[in-house]
Amino acid sequence: MTVLEVSDLRRSFGGIHAVQGVSFSLDEQEILGIIGPNGSGKSTLFNLLTGLVRPGSGEVRLHGRDITGWKPHRIARAGMGRTFQIPALFVNMTVQENLFAAVVEGDWKSARQRTGQVLDLMTLGDLRNELASTLSGGQQRLLEFARVLMRDPQVILLDEVTAGVHPTLRQVILDAITRLRSEGRSFLVIEHDMELVRAVCERVIVMDAGQVVAQGSFDEIAADKSVVEAYLGVPAK
Amino acid sequence: MSRVGGLVPGNRWQWASLLVFVLVVLAVPFWTDDYWTRIFTGVAMWSALAMSWNVMGGYAGYISFGQAAFFGIGAYTTALLMQKGQDWNFFATLPVGAVLAGILAVIVGWPVLKLRGAYFAIATWAMAEAFLQIATAAGFTGGSSGLTLPINASTSFFYYAMLIPAIVTFAVCWLLLERSRFGYRVKAVRDHEPAAESIGIDTTRVKIQAFAFSAVIPGVFGGIYAYWITFINPTSVLADDITDQMVVMALVGGLGRIWGPVLGATLLYLVNRQFIASFGDTTAYIAAVGAIVALIVLFLPDGLVSLFSRGRRMALSRQLLVRLLPGRNGTTGRGGRL
Amino acid sequence: MTLFIQTMVNGLLVGGLFVTISIGFSLAFGVLDVVDFAVGEWVMLGAFAGVASTAWFGIDPIAFLPVVFVFFALLGWLLSPLIYRVRTSHYARPALMALAFTFGIATLARGSMLTAVGFDPRTVDIGVMNGTVTIGSLHIPALRLLGFVFAAVATALFMLFLYRTRTGLAARAVAQDKEYAGLMGVNVKRVSSLVYALYAGLTAMAGVLIGAIYSITAQDGPLYTLLAFFVVVLGGLGSIGGALVAGLLLGILQALVTVYVSADYTLAVVFGVLFLVLVISPRGLLRRGLA
């Protein structure tokens, strides 16, 4: 069953065509990887999907509903969660407060209980009263991921969620992803770590200069010449 | 609950000292003379005003330079309604001024709060200046000659008229900002707006609500102030200086903390009175205020309140050391949109 | 009809000075990422420097302009690193704090001047220029013409610097994208200081002329800050071309309101227009600015 459908999404900023006609779909319990060189439009794509940026044209459907042009908070309430390329924590709040804040527009009554669960899942329990600004980079990414989980979204967008994260903590995230997938959720994952992509993503989309240049399983796209070109900028031999 | 929240008494001794403090404050007109009662009246008013600014500046992260407009609306509403011919009861005028101020906040805030913080600062400032001009030029406000209100000579009446609302304001702020969902919403907007949106918070609506709340408070106190000083004109209730004072008091005391503005207001109001006593006017005070703001931003950005918490004292010393060491070159650290 | 044209011309001429101020201000914003609340104070201080040039030194203010430029550029050069440090701090709410900082500096300047010279208005005395130039049926105050010429020259030089020198290129690069500029080897902090210094010096010089055309009081800083904001918002924050158009527009608007309505309502009108622009087109009339 398709949970997310993107049709011919486009967005330009002045003369820069950040996203040019991107189309793909995401199925239930699927982990879709998005890779591509820097500046290929991956984060812009996320911003378009989550409503932070208005599309110039094109359509986005979540669970069949047309959410194109919706405000970000509306899309979030419809069941989409995301992390940011640079961890977007509430730095003047504690870890626990960050998580409480996540359900302020949701199930507030069970906030405390849910927080406990999520903290345990992400092994952050001991840090619950620490200010978010004092966490290490890896812990911050964990916290951001935890915050996304608090809302129990069906579709989760992860933007380089393991970048710069210590291998042990990385494993925590990976385990969480697999477990959540089995519970019925779907993931869209921007990554630069190819090992991770190969290990976790069933399908991969390759972006370059705002367009999708290849789609398929990891092995398929690894063998694809246009992918190599996109990354290296030179024709493949 | 959280250590980041307001200073809530933890043990019996703290509760006892808080109680004593409250009793002392409530009994002021009985143990001191008129002069000091008036001083404390001023402190109460400015504490509340600084708190109102703090709601937007410290908790929502949006600097408003328009508070004077709301204060002035409250003052002129009460003044006009208490003129001969209208003869309203003083207490009845206050809600009117408050509501009008709130409405203005929503009208101005709704388009402007969708934009960056800098635009908000500019627009609110322009709004305040425009109001000042209109009040000076318009006829029904008495123009630059101002308005006179019925006289009430009771110092203690005004002390309680300022104090009770100030205490209520403090309590409401505390409940709303440190003990409710609204507090989380507002702080999320301050700390990272896109992230707040991504967890379902309607940031524009939260900002407008915070702005309206921060407008209603000066709306009330403007009215009380007008009755207190008996005579108002545009400069006395709509000038820049009023907003500037609130900004400084909240900054010096501590942004985003519930006790910060009270501390800042007390300290700076006393300093202000001292300058007047020593120099006759406040020009030197203005310069001092500017210098204080600059220094606070550079060396004590979390305000005086941060000196009261050991954790923050340590973080502060660490930061000071980092700051005094040769800075790194070329780091951008954008640190949030302006 | 002649009155109308006369007013338009008068407004346009003064608008030139607004342009000079706003272009520097806009670039400073682009480079430092801070809205400088002290911009009006630079104008005020420059105007008083112009007053001092005749009153203390007996030098013609025009001849004194380079001194004004150097003095205030130096002040800006010294101040800029502090602003930069606050703005790039990883500590507490840098954007807000930077705004508060410039606000503090502005208040300090205003309070100091008020204490020093009081509330009385003063005028910069450019004696040689007190006449009127007659072109057709228009009588143009020589001072305004001078102001416009100065503004045109100063703006042209500034643009030359921006578009024809390497440092100017670096400045534009930093204004566009600090991170990449830094990665390309641009000393962001140094460029920021330079831009801020130039902007301060330029604005102060414009202040001398404004102090000649209008009088100046120590309290006028916030007024000019507001007007600079107006120009920059109308033209689009960060857009130089926008500042150009909007500066002239402000001059015209202000002249029209003074003549046809009342000088008392200029600020109210300015705010009204500002508000409308923010509601309808937050990126400025030309939609070139950053929203």
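How far apart are the mean positions of the positive and negative charges of chain C? In this predicted model, in which local features need pLDDT of at least 70, side-chain atom pairs count only at pLDDT 80 or more and totals for chains, interfaces and linings use all residues, the mean positions of the 15 positive charges (Lys and Arg) and the 10 negative charges (Asp and Glu, with His and the chain ends not counted) of chain C are 13 Å apart, each charge being placed at NZ of Lys, CZ of Arg, CG of Asp or CD of Glu. Residues are numbered from 1 along each chain, chains are lettered from A in the order in which they are written, and side-chain values use heavy atoms, without hydrogens and water.

Chain C contains 11 helices and two strands, assigned as DSSP runs (H or I of at least four residues for helices, E of at least two for strands), and the order along the sequence is α-α-α-α-β-β-α-α-α-α-α-α-α. Of its 291 residues, 59% are buried, that is, under 20% relative accessible area with a 1.4 Å probe and protein chains only.

Across all chains there are 39 aromatic pairs, defined for rings of Phe, Tyr and Trp (its six-membered ring) with centres within 6.5 Å, where planes under 30 degrees apart count as stacked, over 60 as edge-to-face and the rest as tilted. Tyr225(B) and Trp228(B) form an edge-to-face pair, because their ring centres are 6.2 Å apart and their planes stand at 70°. Both residues belong to helix α10 (residues 203-229) of chain B, three residues apart, and both are buried.

Terms used: Buried < 20%, exposed > 50% of the residue type's maximum accessible area, 1.4 Å probe, protein only.
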